[in-house]
Amino acid sequence: MDLIYYAVNIAFFKVLFLHTELIGGWSSEQMMVFVGSYLLVDAVNMTVFSTNMWWLPFYINRGELDYYLTRPISPLFFLSLREFAANSFVNLLVALGIFIHAIAVYSGPWEFGHLVGLVLLLVNGVLIFYCIQMLMIIPVFWTQSARGFVDLFYTLGIAMERPDRIYRGWLRVFFTVIMPFALIASYPARIFLEGFTPEVLFHLTAVSAGLWIIMLGLWRLGLRNYASASS
Amino acid sequence: MTWWRFLAAAELRKILAFRADFWVTFIGQALVQLLIARALWQSIFAANETGVMNGFTLQTMTLYYLIVPIGQKILTGENVGFLSREIYDGTFSRYLIYPLSFFQYKATTYLTHSAFYGIQLVLIFSVYNLLTGTTGFTTLVPGILLFLVAAFAYMSIAMIVELLALWADNIWSLMVLVRFFCLFFGGGYVPLTFFPETVQRALVYTPFPYLVSLPVRTTMGLAQTHEIVRGSLVLLLWALLFHLGAQLIWTRGQYKYTGVGI
Amino acid sequence: MIAVKGLRKTFTTHVKEPGLAGSFKALFNRQTVTKDALKSIDLEIQQGEIIGLIGANGAGKTTLVKILAGIVHPTAGEATVLGFRPWERNNEYRRQMCLIMGQKAQVWWDLPALDSFLLLKEIYQIDDRLYRENIEFLAETLMVKDQLKTQVRKLSLGERMKVELMAALLHRPRVIFLDEPTIGLDLSAQKAVREFLKKYQQEFRPVTILTSHYMEDIKELCPRIVIMKEGSFVYDGSLTQVQRMLGDEKCLSITTRESTFKVTVPRQDLGARTAEIFSQNDVLDLNIQDPSIEDVIESIMKNGVSV
């Protein structure tokens, strides 16, 4: 059923490539490697995090976090990985299939090391995705309802489904540093398609680490606020 | 029967209750979609070194993607789960107790959201017009009207899917897919003129172009009068059909409802 | 007023083994279990009567109430309330009925109670005079006058329940279904709700079905009780009579050095059992009583009726 989702994503670029040779510097074939990459990240997120992330704001909002705070385990860890969406696992296989197919038919030059780099960076991409998602959820601690932020997150998620070279000026700064959606799949795909460059690697490491630290800090602040607000 | 006015007013108050939330949702989403789409098309226009592609300039394309996200909001009214979540947690029981049809109740709250976004469309379209002075306002009225009919049609589709929650637990992903599907084949991601000829011709027989493309193009002033008239009739027909479908599902599904969670 | 005959309800649920492996299995091979929530129920209730529906969790109380309120369709059998079949959800019926669930809010969470009331006024088409009168009466009796302009989500649990009651009774229903109205409330709030319900019942004489886990609720409000066990009625009769069901038994409270415990024994065995207990334990104190209503009901819920 979720096949429709994948079909639409691929069809979107196929339709565009009817009218142009290159998008964001990539050919149709290269684009498919990128599409496979972000679909894979999305599928992993759907399987591992999505259910938990969906419920988290409700827990916080209704004061049901207490129960998790009393457990001898990191609440963030527990709440993020509590439920596993088994029915999304099939999607994971499909996404993996698309990814492998795209690489198998890719006719340009590539090295095995770059593929390993790509896969590792996609794992990092999943974590970035998770971090940004948490950043959108954490405001619930203060605002009562985070639906707006969460919806915004899903919209911003489109940014990761476009090649990063189309972003220019401050939009580029926004999507590569502030809300680094471009680092989730587009940068990793560049490693595979164009080889390692120190700048890209440095950028990836610095932003990922920064994002992680900020997220953890805000989560702690939120918890403190929660503890002082609930009676 | 004035209950629906009270209900709509209450719903409006609910929408506006979380003000920060609302503005973040609304302006944020529309802006983000616009900016990403514009960046994409800018790069495509640049790569092809051309000013016009399939009837669109970069500027009309920008306007297109300014209207699409708001139009999407008008169509999708209440959030995904507006029935299924309530069925899941038992809140749904409330409509079965009140002496009114739950279709009327839900349609009222749903279309309140739609109408509310309709007003946003008027505002944003006006600002755009004042800034660029490109299109007139005369196309706005038929555009909004078409959007509202489309919202009713889409709501009926959504109800059909959401009511499936009476049989299955997880409707959410299916609903998201339906949204995707309608939007893609409605021209919400890429204008329909970019689709292959055969696909375009086939789509005429589906409800999708009338849900998205037609209202957007009508608002922009790109649609011909006869196209608008004919399209509205087709859209109305589809709306009726989907509505009957939702009714049918409900007649069947009510036996399944257990009111769990209460 | 309420007539139920041979009412049955069977639920089909999917089962899933715990853990990831279970989830996978469920993807391909969904297993279902059917459960009889109600097994052929008969019930008659007259105008002005209030009955207490008692039973352990899962005994079928809530299911019965949901069917009579028109939320759930029965699998078989007949029921009429005020001459209507509830699950046909005739508007005429729904305008004379209300369902109050202690576990579930029905007033709009994000709005002040008064806003909800105004909306309900329109939904139920309550005329202005009755509306004003009712608000006055209900707010006065429940003592929530000052809370009506506050967002419901900001009210305390007790206040919220009172507001729920107000919302449900605004249209002065002739049939009232009360599902655990005092659940989770503190003692004083429980008492307030009970007092209110008593007063309301005396004043307006509706038909009321009350389910509760608190014996206090039942003892205070319900002259007639129905005890349910696994989807069937095991007792339907007056509250005071229920004591006679086990009239042949005596309750012994024994305190020993180690503990205090209770045993229920048949009257004719009293001497023998007491002697036995004395011989086996180092008894500090012994008390012989007739079983209390709570004990009797608990015993019926556990063992069924031993007539």
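1. C:Met97 has C:Val175, a residue of β6(C), as its bridge partner. The two strands involved are β5(C) and strand β6 (residues 175–179) of chain C, which run parallel and are joined by five bridges. The model is predicted, so this pairing should be read as part of a prediction.

2. β5(C) and β6(C) belong to an open sheet of six strands in chain C, ordered β5-β6-β7-β3-β8-β9, with mixed pairing. What stands at the edges of this sheet? β5 (97–101) and β9 of chain C do, and because each has a single partner strand, one side of each is left without a neighbour in the sheet. On average, neighbouring strands are turned by 15° against each other, with direction ignored.

3. β3(C) and β8(C) are parallel, with five bridges, and here C:Ile54 stands opposite C:Ile227 of β8(C). β8(C) and β9(C) run antiparallel and are joined by six bridges. One of the residues to look up in that pair is C:Arg224, whose bridge partner in β9(C) is C:Ser238.

4. β8(C) and β9(C) form a hairpin with two residues between the strands. Which residue of this hairpin takes a positive phi? C:Glu230 does, with a value near 45°.

5. Chain C has a second sheet to check. This one is open, has three strands in the order β2-β1-β4 and is paired antiparallel. Its edge strands are β2 (31–45) and β4 (76–81) of chain C, each pairing on one side only. From one strand to the next, the twist averages 30°. Strand β1 (residues 2–15) of chain C and β4(C) share five bridges in the antiparallel sense; C:Ile2, for example, has C:Val81 in β4(C) as its bridge partner.

6. The domain assignment divides chain C into domain 1 (45–242) and domain 2 (245–303). Taken over C-alpha atoms, the centres of these two domains of chain C are separated by 37 Å. The contact draws on eleven residues of domain 1 of chain C and seven residues of domain 2 of chain C. On the domain 1 side, β3 (50–55), α8 (215–221), β8 (224–229), β9 (232–238) and α9 (239–245) of chain C each supply at least two residues. By class, that side has eight nonpolar, one polar and two charged residues.

7. Chain A contains twelve helices and zero strands. Along the principal axes, the C-alpha trace of chain A spans about 60 × 40 × 30 Å. Of the 231 residues of chain A, 37% count as buried. Where contacts in chain A join residues at least 6 apart in sequence, 76% are between residues at least 24 apart.

8. Chain B has twelve helices and two strands. How are these elements arranged along the sequence of chain B? The pattern is α-α-β-β-α-α-α-α-α-α-α-α-α-α. For 262 residues, a compact globule would have a radius of gyration near 18 Å; the 19 Å of chain B agrees with this. The C-alpha atoms of chain B fill a box of roughly 60 × 40 × 30 Å along the principal axes. Buried residues are 45% of the 262 in chain B. Of the contacts in chain B with a separation of 6 or more, 79% come from residues 24 or more positions apart.

9. The last point concerns the contact between chains A and B. How many residues does each chain give? Chain A gives 33 residues and chain B gives 31 residues. On the chain A side, the elements that give two or more residues are α1 (3–17) and α9 (147–156) of chain A. The side of chain A that touches chain B has 19 nonpolar, eight polar and six charged residues.

Methods:
Residues numbered from 1 in each chain as written. Chains lettered and ligands numbered in written order. Predicted model: local features only at pLDDT ≥ 70, side-chain atom pairs only at ≥ 80, totals over all residues. Contact = placed C-beta atoms within 7 Å. Helix = DSSP H or I, 4+ residues; strand = E, 2+ residues; numbered from the N terminus. Nonpolar A, V, L, I, M, F, W, Y, C, P; charged D, E, K, R; others polar. Domains from an automatic or database assignment. Pairing = 2+ DSSP bridges. Axes fitted to C-alpha atoms, helices over the stretch in contact; angles between N-to-C directions. Rg over C-alpha atoms; globule rule 2.2 N^0.38 Å. Buried ≥ 20, exposed ≤ 12 C-beta atoms within 10 Å, placed from the backbone.
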